[in-house]
Amino acid sequence: MNEPDPPLDRRSARAGRSAHAGRSFLARHRAAVRVAAGAALFALLGGAMVAVGAGAAGRRPVAAVSPTAAVPAASAQPQQPTARPVPAATTVPGRLRTCSVAGLAADPRLADFQAQVVNAETGEVLFDRGGRTATRTASVLKVLTSAAALSVLGPDYRATTTVVAGSEPGQVVLVGGGDVTLSRTPSGNESVYAGAAHLDELARQTAAAWTAAHPGTPITSLVLDASLFGGPGWQPGWARTELAAGYMPEITALQVDGDREDPYRGTSPRSEDPIGRAGQAFADALGGGVSISRGTAPSGAAKLAAVSSQPVSTLVKSR
């Protein structure tokens with residue numbers, strides 16, 4: 001009869017059998033064991049990395065603070081941006097360009113051209129070519145005349161031509177108001193002066209008012225009153241050839257179409273008697289058959305008719 005193995009020997013025998021069995025299993029399933037081991041290792045490493053990342057995300061770096069550093073108050077204003085540097089010396093602006101009219105002023109087609117250009121603020125003379133030499137004013141006088149008219153009369157002033165009753169039976173007086181644009185062209189036709197008043201309209205008003213005041217009595221006499229302007233109508237230094245050349249008329253308070261021979265042309269011969277030309281044109285508009293003389297309107301005479309020019313603001317732009 002065999003005696004049982006001692007306990008230690010039995011454990012050793014079982015361990016031996018287990019080891020033998022494990023080696024046999026590894027031998028049979030070597031590939032599967034390798035795959036399982038790799039998977040376990042990957043899972044272990046991945047879990048460790050996730051845990052490290054989560055721990056790092058939960059922590060924020062803390063800057064070191066000096067024990068003596070002042071902590072800004074919660075209500076402190078945000079820091080202003082640093083001002084831009086300013087040059088120590090101020091840059092003086094210089095001229096970008098210069099120009100001169102000296103070459104154009106020397107054009108022989110300008111003949112004896114004289115002019116002076118002055119800076120109104122500083123008094124500096126910018127250009128001078130005989131600017132202080134006395135000479136005929138020529139067309140530049142229009143600028144001074146226009147400025148004077150706008151200043152004295154005002155931009156809304158209109159020159160008015162009137163007709164009043166004369167001092168004798170059947171007599172009317174045509175009173176010039178300084179409107180050189182008054183036209184003898186038919187109403188509806190524009191002369192060289194756009195929007196000018198017309199003599200035929202003045203004659204129509206006159207006839208209607210006369211008939212109402214003096215029924216059955218015709219107009220037989222016409223007096224021309226050009227007394228509004230005093231002094232000579234022509235400056236002695238002006239060449240009389242200007243009339244025939246058609247550049248300007250005599251200066252009278254009563255005239256039509258600037259005393260042009262052709263009221264539709266800017267440059268047209270002027271006459272030696274602008275008052276007489278205007279009177280004859282008005283007599284014709286009345287129907288003719290009236291005598292014409294010159295004189296002044298009676299004081300307090302009844303007004304029969306009136307037409308007005310364009311305002312001064314428009315006239316200064318006219319020819």
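Strand E5 (residues 221-225) is mostly covered, with 5 of its 5 residues buried. Buried means under 20% relative accessible area, exposed means over 50%, and partly exposed lies in between (1.4 Å probe, protein chains only). Strands (E, at least two residues) and helices (H or I, at least four) are DSSP runs, numbered from the N terminus.

This is a predicted model: local features need pLDDT of at least 70, side-chain atom pairs count only at pLDDT 80 or more, and totals for chains, interfaces and linings use all residues. Residues are numbered from 1 along each chain as its sequence is written, and side-chain values use heavy atoms, with hydrogens and water left out.

- E5 pairs with strand E4 (residues 171-175) in the parallel sense over 5 bridges. Two strands pair if DSSP finds at least two bridges between them.
- The chain runs from E4 through helix H5 (residues 199-213) to E5, and this β-α-β crossover is right-handed. That term applies if, with the strands pointing away from the viewer, the path from the first strand over the helix to the second runs clockwise.
- Val175 has Asp225 as its bridge partner in E5. Val172 stands opposite Leu222 in E5.
- E5 also pairs with strand E6 (residues 291-294), in the parallel sense over 4 bridges. The bridge partner of Leu224 in E6 is Arg294.

- E4 is largely enclosed by the rest of the structure, because 5 of its 5 residues are buried.
- Gln171, Val173 and Val175 point one way from E4; Val172 and Leu174 point the other way, and all are buried.
- Strand E3 (residues 160-165) pairs with E4 in the antiparallel sense over 4 bridges. Here Ala165 stands opposite Val172 in E4.
- E3 and E4 form a hairpin with 5 residues between them. Gly170 in the turn has a positive phi of about 70°.

**Nonpolar core**

- The largest nonpolar core holds 24 residues, of which Val163, Leu174, Leu202, Leu222 and Phe282 touch the most other members.
- The elements that give two or more residues to this core are E4, H5, E5, helix H7 (274-286) and strand E7 (303-308).
- H7 gives the most, with 5 residues.
- A nonpolar core is a set of buried Ala, Val, Leu, Ile, Met, Phe, Trp, Tyr and Cys residues joined through side-chain atoms within 4.5 Å.
- In soluble globular proteins, nonpolar side chains tend to be buried together.

**Pocket and cavity**

- Both terms rest on a 1 Å grid over the protein atoms alone: a cavity is a set of points where a 1.4 Å probe fits but cannot get out, and a pocket is an open set with protein on both sides within 12 Å along at least five of seven lines. Lining residues have an atom within 4 Å of a point.
- Grid points are joined across faces, edges and corners, and a volume is the space filled by probe spheres set on the points.
- The largest pocket has a volume of about 1800 Å³. Of the 43 residues that line this pocket, the closest to its centre are Lys142, Thr145, Met248, Pro249 and Ile251.
- Helix H4 (141-152) and helix H8 (312-315) each supply at least two residues of the lining of the largest pocket. The largest share, 7 residues, comes from H4.
- By class, the lining of the largest pocket has 20 nonpolar, 16 polar and 7 charged residues. Ala, Val, Leu, Ile, Met, Phe, Trp, Tyr, Cys and Pro count as nonpolar, Asp, Glu, Lys and Arg as charged, and the others, Gly among them, as polar.
- The count comes to 1 cavity of 30 Å³ or more. Thr181, Tyr193, Ala194, Ala196, Gln310, Leu315 and Ser318 line the largest cavity.

**Two loop residues**

- Gly178 sits in the loop between E4 and H5. Gly178 is partly exposed, with a relative accessible area of 21%.
- Gly178 and Ile251 are 73 residues apart in sequence and 9.1 Å apart in space, C-alpha to C-alpha.
- Val101 is found in the loop between helix H2 (30-57) and helix H3 (102-105). Val101 is partly exposed, at a relative accessible area of 42%.
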